[in-house]
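Hi,

Here is the structure I said I would pass on.

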Amino acid sequence: MMAAVLAAAAKYLSEHYGAPAMLMALLLGIAFHFLAEEGKCVAGIEFTARTVLRIGVALLGARISAELIVGLGFNLIALVVLGVLLTIGIGFLGAKILGRGWRFGLLTGGSVAICGASAAMAISAVLPKNEHSERNLIFTVLSVTVLSTLAMVIYPIVTTTLELDHRATGVFLGGTIHDVAQVVGAGFSVSQETGEIATLVKLIRVTMLAPVVLIIALAVRRYADETELSGTRPPIIPFFVIMFLVFAAMNSAGALPTIVIDAMSEASRWALLTSIAAVGMKTSLKRIFEVGGQAIALIVAETIFIAIFVLAGLAWLSQ
């Protein structure tokens with residue numbers, strides 16, 4: 001109930017003052033960290049940060065359909081998919097080079113490559129937990145939300161300076177900005193056509209969430225050390241990933257009416273907003289600042305990499 005109240009407050013702030021809802025939920029949650037230390041709220045916060053989060057990710061599948069994806073064309077789909085995979089690889093290798101854990105590299109790389117805070121929470125759900133897990137998740141969500149908001153303002157200026165047409169601008173915005181809301185904001189601020197293309201490209205990146213989480217879960221099950229798994233092995237295929245794919249398949253087959261898709265999308269947004277408030281409550285602000293400058297450098301480098309890669313790919317495809 002407490003997390004739901006904070007989510008509602010974050011939604012109000014977002015609608016009335018233009019602040020990113022995810023960021024507001026996260027900051028409000030951090031302000032109520034004391035509730036997660038002891039008392040009646042602890043169990044509810046744990047449930048919301050874990051189970052409600054997975055429900056939200058599963059419901060995201062209702063927004064995906066094969067028809068939407070195919071309509072963009074093979075070359076652009078390949079560019080977007082390759083950008084996602086390479087960015088995750090950059091995150092993994094960058095974390096190794098900087099002496100950070102492999103978990104952190106996958107977490108930041110996946111969140112930048114796919115869909116920001118939602119991807120960070122989904123990937124975190126299948127990674128083995130250690131003493132830094134909650135801190136790293138909070139840092140990643142906070143960082144990608146701030147970077148995504150900055151990109152929403154800066155990237156349309158970049159595309160205007162480079163004189164990209166509406167289609168190329170839409171592909172760039174949808175292929176590089178982290179969070180869905182900021183993609184929509186940036187795209188429709190340019191034009192209706194740009195906004196529609198940007199949203200479609202972003203949904204292709206969101207589609208990558210299920211296979212990426214599945215691959216990470218399988219890799220963790222196969223290669224992670226027993227001590228990292230805390231005595232338990234994750235399921236071969238996490239149930240929330242299965243449901244994501246089921247809902248996407250149902251939408252692709254036309255089995256979901258528009259009213260149901262809209263309801264599931266809204267439920268997904270609320271579930272993710274509520275769960276990120278709970279995750280915020282679980283982490284103290286002091287621990288976030290313990291992450292260090294290397295972590296900031298890594299997530300900024302991932303953001304710059306995917307932007308340069310998509311711009312270079314668009315320039316190559318236009319030849």
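Below is what turned up, starting with the ground rules and then going through pockets, cores and ring pairs.

This is a predicted model, so to speak of local features a pLDDT of at least 70 is needed, side-chain atom pairs count only at pLDDT 80 or more, and totals for chains, interfaces and linings use all residues. Residues are numbered from 1 along each chain as its sequence is written, and side-chain values use heavy atoms, with hydrogens and water left out.

**The pocket**

The largest pocket comes out at about 610 Å³. Pockets and cavities were found on a 1 Å grid over the protein atoms alone: a pocket is an open set of points with protein on both sides within 12 Å along at least five of seven lines, a cavity is a set where a 1.4 Å probe fits but cannot get out, and lining residues have an atom within 4 Å of a point. Points are joined across faces, edges and corners, and the volume is the space filled by probe spheres set on them.

The lining of this pocket has 28 residues, with Ala21, Met22, Val180, Ala181 and Arg269 nearest the centre. Helix H1 (2-17), H2, H8, helix H10 (180-190), helix H11 (192-207) and helix H14 (258-281) each give two or more residues to that lining. Helices here are DSSP runs (H or I, at least four residues), numbered from the N terminus. Which helix gives the most to the pocket lining? That is H14, with six residues. By type, the lining splits into 15 nonpolar, seven polar and six charged residues; Ala, Val, Leu, Ile, Met, Phe, Trp, Tyr, Cys and Pro count as nonpolar, Asp, Glu, Lys and Arg as charged, and the others, Gly among them, as polar.

H2 (residues 21-31) is mostly covered, with eight of its eleven residues buried. Buried means under 20% relative accessible area, exposed over 50%, and partly exposed in between (1.4 Å probe, protein chains only). Ala21 and Met22 are among the buried residues of H2, and so are Gly29 and Ile30.

H6 and H8 are the elements that give two or more residues to the lining, and H6 gives the most, with three. The lining divides into four nonpolar, five polar and two charged residues.

Asn136 sits in helix H8 (residues 133-161) and counts as buried because its relative accessibility is 9%. Beyond its neighbours within four places in sequence, Asn136 is in contact (heavy atoms within 4.5 Å) with Arg100, Phe104 and Leu107.

Leu98 is in the loop between helix H5 (74-97) and helix H6 (102-113). At 28% relative accessible area, Leu98 is partly exposed, and, leaving aside neighbours within four places in sequence, it is in contact with Gln294 and Leu298.

**The cores**

The largest nonpolar core has 91 residues, and Ile114, Leu209 and Phe240 touch the most other members. A nonpolar core here is a set of buried Ala, Val, Leu, Ile, Met, Phe, Trp, Tyr and Cys residues joined through side-chain atoms within 4.5 Å. A second, separate core of six residues includes Ala62, Phe247, Leu256 and Met264.

**Ring pairs**

How many aromatic pairs does the structure hold? There are four, where rings of Phe, Tyr and Trp (its six-membered ring) pair if their centres lie within 6.5 Å, and planes under 30 degrees apart count as stacked, over 60 as edge-to-face and the rest as tilted.

Tyr155 and Phe172 have ring centres 5.1 Å apart and planes at 45°, so this pair is tilted. Tyr155 is in helix H8 and Phe172 in helix H9 (residues 166-176), so the pair ties together parts 17 residues apart in sequence. Tyr155 is buried at 11% relative accessible area, and Phe172 is buried at 1%.

For Phe305 and Phe309, the centres are 6.1 Å apart and the planes at 20°, so that pair is stacked. Both lie in helix H16 (residues 293-317), four residues apart, about one turn of the helix. Phe305 is partly exposed at 24% relative accessibility, whereas Phe309 counts as buried at 19%.

Cheers
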